[in-house]
Amino acid sequence: MPSKRSALKFSTYAATSLLSATLLLTGCSNDEPEQASTPSSPPAVVEDRLLSLIPADTPYFFASRERLSEDDAMLLIEKLGTLDSIETQLADLEQLRQTTDDEAMHQFLDIMTTLLKTLDEVRTVEDYHRLGMLPNARSAIYGLGLLPAARMELHDEALFKAFFENLLTELPVEMQRAQLGDTEYWYTSVESPMQTLITIRDEQVIMGMLPSTAEQALLEQLFGITPPTMSLLQSGEMQQLEQRYNYSPYGSGRFSTKAIVREVIAPEHPASRALMALGGPETLDIEACRTDIDRLTALFPALVMGVHELSTDRITGSMRLATGAELADDLTTFTTAVPGLGSGQGIASLGIALDVQAVTRALQKYAGQVRTTPFTCPELQGINEAWNELGLLTNHPMTMMLGPALSGMNIRIDSLQADPMQPGGSGVMTFASPNAQGLISAVSMFVPQIATLNLQSNGDVKQVDPQLLPPEVPSVHAAMSDKSIILGVGLDTPEQLKSELKNTNGRSGLLTYGHLGSEIFAILAELSTQLPNTDGLDTAELLYMAELYEKTEFWIGIDGAGIEFGVGVELK
């Protein structure tokens, strides 16, 4: 029986599991899907029976307003098919299963595993339609209070019902059948305090987890028999997320820490009250910790996520940790300008922009606040200890030395030869700093030969004496501005460094950025066959990624709305 803490843990875990399973079902893939031959509908906003049945006050949700065409969806499945094979997806579900002893979660994951195995042979649009499904189905996961629910669009309700009833005969879990008005549904054993419920209505399959003691009104809300007073569609929140964070209509959502904590402390939704009514010993006096919890949720009120781009050529998305206004203002001082950072040029790059002095000031500020007003909740004492250690870090000699001298760097590889006997290549390394003299000292720690060049901040390009370099090392050139030093290795036109110092093609507000082009995957695959001790490199997988990806990228950005963690891929 769950306490408030275990109830929160259960609902969070259940939501994560349901989201994983829902994404698997809406993007089920195969190693070699066949080309679809039937006409497909164009991208469109469909009649929205999906969003109109999701309550606007849900503590968390992730959903889509629009969908790709079936042709584009199948092409994406074909391109990405072997990246996430059926065996990998099944292994992921099994790993989820092993992380919990809860029987209700075991039953739910057993259902999803059986369904996934059945869909292994689905390879064309016709295959999807024959089962009553859509390859481009919109789906949504959301909370009824603390407990998760999910919806997925269907191609044909009757066909899917026939498929599902046949599936029931193969399930390792016994599903009971029941009727609620004219709605037929299935549920797992009443002996478990938590049940998985499934129904098919409104051209959707609907799944949820509720206590076995849930009243009829709660089931009616889950199944959409009783629509919400205000729906997610009516609230316009998804459009607001799209506009504020530049998300596409193909998927966005948020996880409200404030709303979830409120439901734990003083449950308002019938599902949350039913979950808490299961009882159990209290291991955390949440009310006594209310001040500390409110303090944390004010700093981090929500987690926001969404898809920026979704096409057959490019997919990008991000997750954002929203912060309070004061913290957001402090965070925006962390980043600095580093020439070339985020431009995505070359076959690979990795860089960071960090104003160490601004970070130091912020750490001292918040460490001082915690010392003055420490967290009093016993379970949160680790926060006091962590901030004390971070406060000490600001006085570390390395921090004090690098802070005034180095504010960022970016490494770009333009070419790379995979010959293990005589490796070679070309690229650019950029160092940024608040002041030129400090920059010279900082870069000389990495490349001592730079100190011999007598660089000036006029951007003139100078070559490092080849006699000062190790044998077989390509030519090294350098140039400097008042805020950056740039090194070029093996360049055909060293004079390009002068313009590289002014390279502002990257996006603003980046804390870090990295990318890998298809050439890098091919080179790593070749190296894995030539060098010893490369067991960690899967040659076949690297070759596959070289054929699939034109570019992969990741970034961490900071702006007035919080911290963004993003990933993107360009497909061939």
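## Helix α7 and its end

In this predicted model, helix α7 is followed by Gly-224, a residue with a positive phi near 85 degrees. The helix itself covers residues 216–223, and its buried residues are Leu-218, Leu-219, Glu-220, Leu-222 and Phe-223. An α-helix has 3.6 residues a turn, so positions three or four places apart point the same way. Within α7, Leu-218 and Leu-222 are both buried, and Glu-220 is also on the buried list.

## Overall architecture

The protein chain has 572 residues, and 54% of them are buried. Its secondary structure comprises 20 helices and 19 strands. When contacts between residues at least 6 apart in sequence are considered, 69% of them join residues at least 24 apart.

## Aromatic pairs

The model contains nine aromatic pairs. One of them joins Phe-164 and Trp-186 in an edge-to-face arrangement, with 5.0 Å from centre to centre and 70 degrees between the planes. Phe-164 belongs to helix α6 (residues 157–168) and Trp-186 to strand β5 (residues 183–187), so this pair ties together parts that are 22 residues apart in sequence. Phe-164 has a relative accessible area of 4% and is therefore buried, the limit being under 20%. Trp-186 is likewise buried, at 1% relative accessibility.

A second example is the pair of Tyr-366 and Trp-387, whose ring centres lie 6.2 Å apart; the planes meet at 40 degrees, so the pair is tilted. Because Tyr-366 lies in helix α14 and Trp-387 in helix α15, the pair ties together parts that are 21 residues apart in sequence. Tyr-366 is buried, with a relative accessible area of 9%, whereas Trp-387 is partly exposed at 24%.

Two or more lining residues come from each of the elements α12 (290–299), α13 (325–331), α14 (356–372) and α15 (381–393). Helix α14 gives the most, with six residues.

By residue class, the lining of this pocket divides into 18 nonpolar, three polar and two charged residues.

## The largest cavity

Five cavities of 30 Å³ or more are present in the structure, and the largest cavity holds about 80 Å³ of space. Residues lining the largest cavity include Pro-339, Gly-340, Ser-343, Gln-345, Asn-410, Arg-412, Val-428, Met-429 and Thr-430. Ile-486, Glu-500 and Asn-503 are also part of this lining.

Strands β12 (408–417) and β13 (424–432) are the elements that give two or more residues to the lining of the largest cavity, and β13 gives the most, with three. The lining of the largest cavity divides into four nonpolar, six polar and two charged residues, while the lining of the second largest pocket has 18 nonpolar, three polar and two charged.

Methods:
Residues numbered from 1 in each chain as written. Predicted model: local features only at pLDDT ≥ 70, side-chain atom pairs only at ≥ 80, totals over all residues. Heavy atoms only, no water. Helix = DSSP H or I, 4+ residues; strand = E, 2+ residues; numbered from the N terminus. Nonpolar A, V, L, I, M, F, W, Y, C, P; charged D, E, K, R; others polar. Phe/Tyr/Trp six-rings, centres within 6.5 Å; stacked < 30°, edge-to-face > 60°. Buried < 20%, exposed > 50% of the residue type's maximum accessible area, 1.4 Å probe, protein only. Contact = heavy atoms within 4.5 Å. 1 Å grid on protein atoms, 1.4 Å probe; cavity = no way out; pocket = protein on both sides within 12 Å on 5 of 7 lines; lining within 4 Å. Points joined across faces, edges and corners; volume = space filled by probe spheres on them.
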